[in-house]
Structure formats: structure tokens, C-alpha cells
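Reader: I would like to go through this model by question and answer. Please keep it brisk.

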Amino acid sequence: MKKGGAVKYQNRGYVPSSNLLRAIAMQESRMDPRAVGEAGEIGMYQIMPTTAIDPGYNIPSLFPELQSQIGQGKRFASAQEAYEANKDIVDEVLFNPSQSERFAQSYIDTAKSRFPDDEARAIAAYNLGMTGAEKLEDPSSFPYVQGIGSFVKSPDETRQPVNIPFISAVQAGT
């Protein structure tokens with residue numbers, strides 16, 4: 001992962017709106033809003049540009065105007081083609097922590113709705129996608145999920161367990 005300007009955004013006062021989003025940002029990019037992953041993920045929440053454009057699963061697109069132009073007989077044949085034609089605009093939004101947080105929150109909310117009794121699986125879905133998370137035998141043992149657990153702090157910023165059952169178990173070492 002390439003690193004960029006986390007200090008710049010931290011100095012502007014950006015703070016994720018929840019402990020879970022902060023943990024995801026730490027796991028994904030160490031809270032670096034200028035991070036670029038090896039597979040092309042962008043920003044603090046390491047969002048794939050094509051997923052931000054056309055996420056599926058009834059997750060709102062960050063770019064509904066582009067999403068509406070994708071498909072047979074439309075301007076773009078694929079989300080990748082839409083991204084390539086609008087790279088500067090898409091990248092600018094994904095590098096903005098506040099805007100990318102909206103998408104990350106929508107994705108997590110959708111995953112929690114899809115896996116209502118399995119928060120570990122919902123968090124794994126952020127990393128693997130919904131289908132990938134469905135295939136996990138034991139999502140609480142998935143390294144990404146355990147990594148999220150290691151970054152979750154209680155509201156008083158101690159490493160005490162918070163009210164997320166599987167994360168509390170990870171923090172307690174069980």
C-alpha cells in the first residue's frame with residue numbers, strides 16, 4: 001500500500017464517526033486517506049473504484065450518475081470503463097475521508113442486514129465482499145476480522161471490550 005497524507009487530514013479534524021469505522025480505517029490504511037492498495041483500492045477505507053460506482057446489493061453508489069450509464073446500449077459497458085473515463089473525479093471522492101466513510105458505512109450496514117446474527121461475517125464482507133463472506137466457515141477466525149477487533153476501542157479510548165460480541169471475544173483472547 002502506498003501511503004500519503006494522513007497527518008494532513010487528521011490536522012483538519014477528520015475523525016471516523018464510530019469505533020467500528022475507525023477500526024476499519026486503521027485495518028485498511030492505518031487511517032491514511034491517500035493510501036492506494038496493490039489491487040487498486042483507494043483512500044482511508046480502501047474502496048475499489050468499481051465497487052463505489054456499481055456496488056450491487058442495493059448499496060447506494062457514490063456515483064449514481066455514472067452507475068446509471070452502465071449497461072448494454074449505454075455509455076459504459078462496465079463499471080471499470082466508467083471509472084477509466086472518470087478516474088480523476090472518482091479518485092478525488094475516494095481520497096476524501098468523509099465521502100468514502102459514507103460508502104463504508106452503507107456497505108457495513110448492508111452487510112449487517114444480510115448477516116443479522118453474525119457480525120463477524122458482516123465485517124468480513126467489507127474485505128471479501130458479500131459472497132466471499134458467505135463462504136467463510138468461521139468468520140471470527142478470519143485474520144481481517146481479528147485485525148478489526150484489535151483496533152476497536154471503547155468510547156473512553158481504552159482497550160476495554162466494547163459492545164460488539166465477537167470483537168469482545170477477540171479482545172479477551174477467547
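**From one loop glycine to the whole fold**

Reader: Where does G37 sit?
Author: This is a predicted model. G37 is a loop residue. The loop runs between α2 (19-29) and α3.

Reader: Is G37 buried or exposed?
Author: The cut-off for buried is under 20% relative accessible area. G37 has a relative accessible area of 11%, so G37 is buried.

Reader: How many Å apart in space are G37 and M48, C-alpha to C-alpha?
Author: In sequence, G37 and M48 are 11 residues apart. In space, C-alpha to C-alpha, the distance is 9.1 Å.

Reader: Which backbone atoms lie by the polar side-chain atoms of S61?
Author: S61 lies in the loop between α3 and α4. Its relative accessible area is 14%, so S61 is buried. One backbone atom lies 2.6 Å from a polar atom of the S61 side chain: the oxygen of I53. Another lies 2.8 Å from a polar atom of that side chain: the backbone nitrogen of F63.

Reader: Which residues is S61 in contact with, leaving aside its neighbours within four places in sequence?
Author: A contact needs heavy atoms within 4.5 Å. With those neighbours left aside, the residues in contact with S61 are A52, I53, D54, P55 and Q67.

Reader: Why do the buried residues of α6 line one face of the helix?
Author: The buried residues in α6 (residues 87-94) are V90, D91, V93 and L94. Seen down the axis of α6, they fall within an arc of 160°, so they line one face. In general, residues three or four places apart on an α-helix point the same way, because there are 3.6 residues a turn. For α6, the value to remember is the arc of 160°.

Reader: Which exposed residues does α6 carry on the face turned away from its buried side?
Author: The buried residues of α6 pack against α3 (49-53), α4 (64-67), α5 (79-85) and α7. The face turned away from that buried side carries D88, I89 and E92.

Reader: What should helix α7 span, and how far apart are its end C-alpha atoms?
Author: Helix α7 covers residues 97-114, which is 18 residues. At 1.5 Å a residue, α7 should span 26 Å. The end C-alpha atoms agree with this, at a separation of 25 Å.

Reader: Which residues of α7 are buried?
Author: Buried means under 20% relative accessible area. In α7, the buried residues are P97, S100, E101, F103, A104, Y107, I108, T110 and A111.

Reader: How far apart are the C-alpha atoms of L20 and V152?
Author: L20 is in helix α2 and counts as buried at 9% relative accessibility. Its contacts, leaving aside neighbours within four places in sequence, are I108, K112, E119, I123 and I148. L20 and V152 are 132 residues apart along the chain, yet their C-alpha atoms are separated by 6.4 Å.

Reader: Which helix supplies the largest share of the lining of the largest pocket?
Author: The largest pocket has a volume of about 250 Å³. It is lined by 16 residues, and the closest to its centre are Q46, M48, T51, Y126 and N127. α7 and α8 (119-134) each supply at least two lining residues. The largest share, five residues, comes from α8.

Reader: How many helices and strands does the protein have, and what percentage of its residues count as buried?
Author: The secondary structure comes to 10 helices and zero strands. Residues 24 or more positions apart account for 50% of the contacts with a separation of 6 or more. Of the 174 residues, the buried share is 46%.

Definitions and conventions. Residues numbered from 1 in each chain as written. Predicted model: local features only at pLDDT ≥ 70, side-chain atom pairs only at ≥ 80, totals over all residues. Heavy atoms only, no water. Helix = DSSP H or I, 4+ residues; strand = E, 2+ residues; numbered from the N terminus. Expected span 1.5 Å × (residues − 1). Buried < 20%, exposed > 50% of the residue type's maximum accessible area, 1.4 Å probe, protein only. Arc of directions from axis to C-beta. 1 Å grid on protein atoms, 1.4 Å probe; cavity = no way out; pocket = protein on both sides within 12 Å on 5 of 7 lines; lining within 4 Å. Points joined across faces, edges and corners; volume = space filled by probe spheres on them. Polar contact = N/O pair within 3.5 Å; in protein donor to acceptor, adjacent residues only side chain to side chain.
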